[in-house]
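Hi,

Here is the structure I said I would pass along. Have a look at it first, and my notes follow below.

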Amino acid sequence: MRHRKKGTTNFGRRKSHKVAMLNNLASSLIKHNRIKTTHKKAKEVSKIADRLITLGKKETLHARRQAKKIVKHKKLLQKLFDEIAPNFKNRDGGYTRVIKLGFRRGDAAPISIVEFVEEELDKSE
């Protein structure tokens, strides 16, 4: 049975290494607004990034401290709360998108891009 099993895979790493890797990918996503990685990692980091945006929208000290557990750098945390999260204040979820690119040349691993969703203008305009 799969009860209370979080995440899809451990990526061939121990739990602490997996958590550190995903936290670093989330930090890189905040820093660059777009990252290129394998598809499974992209889906996992998308969940973490969505949770960080939700914390950023709350703008409380408690939310900032919870986000600090994932994003270790002070400047990235400030960027999350001051620049990125306010862009999504009218959106209820789905802050990131995962786009499949194809396969990596060396080992044929499926590659994807993770990026923040930008609000698009209405099609009628």
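This is a predicted model: local features need pLDDT of at least 70, side-chain atom pairs count only at pLDDT 80 or more; totals for chains, interfaces and linings use all residues.

**Notes on the model**

Arg65 is exposed, because its relative accessible area is 57% and the cut-off for exposed is over 50%. You will find Arg65 in helix 3, which covers residues 61-68.

The mean pLDDT of the protein chain is 91, and 93% of the residues get to 70 or more.

Now for helix 4, which runs over residues 74-84. Which of its residues are buried? They are Leu76, Leu77, Lys79, Leu80, Phe81 and Ile84. And what covers them? The cover includes helix 1, helix 2 (39-58), helix 3 and strand 3 (110-116).

Helix 1 (residues 15-32) is also where Asn23 sits. Is Asn23 buried or exposed? Asn23 counts as buried, because its relative accessibility is 14% and buried means under 20%. Leaving aside residues up to four places away in sequence, Asn23 touches Lys69 and Ile70.

Cheers

Notes:
Residues are numbered from 1 along each chain as its sequence is written. Side-chain values use heavy atoms; hydrogens and water are left out. Helices (H or I, at least four residues) and strands (E, at least two) are DSSP runs, numbered from the N terminus. Buried means under 20% relative accessible area, exposed over 50%, partly exposed in between (1.4 Å probe, protein chains only). Contact means heavy atoms within 4.5 Å. pLDDT is the predictor's confidence in each residue, from 0 to 100.
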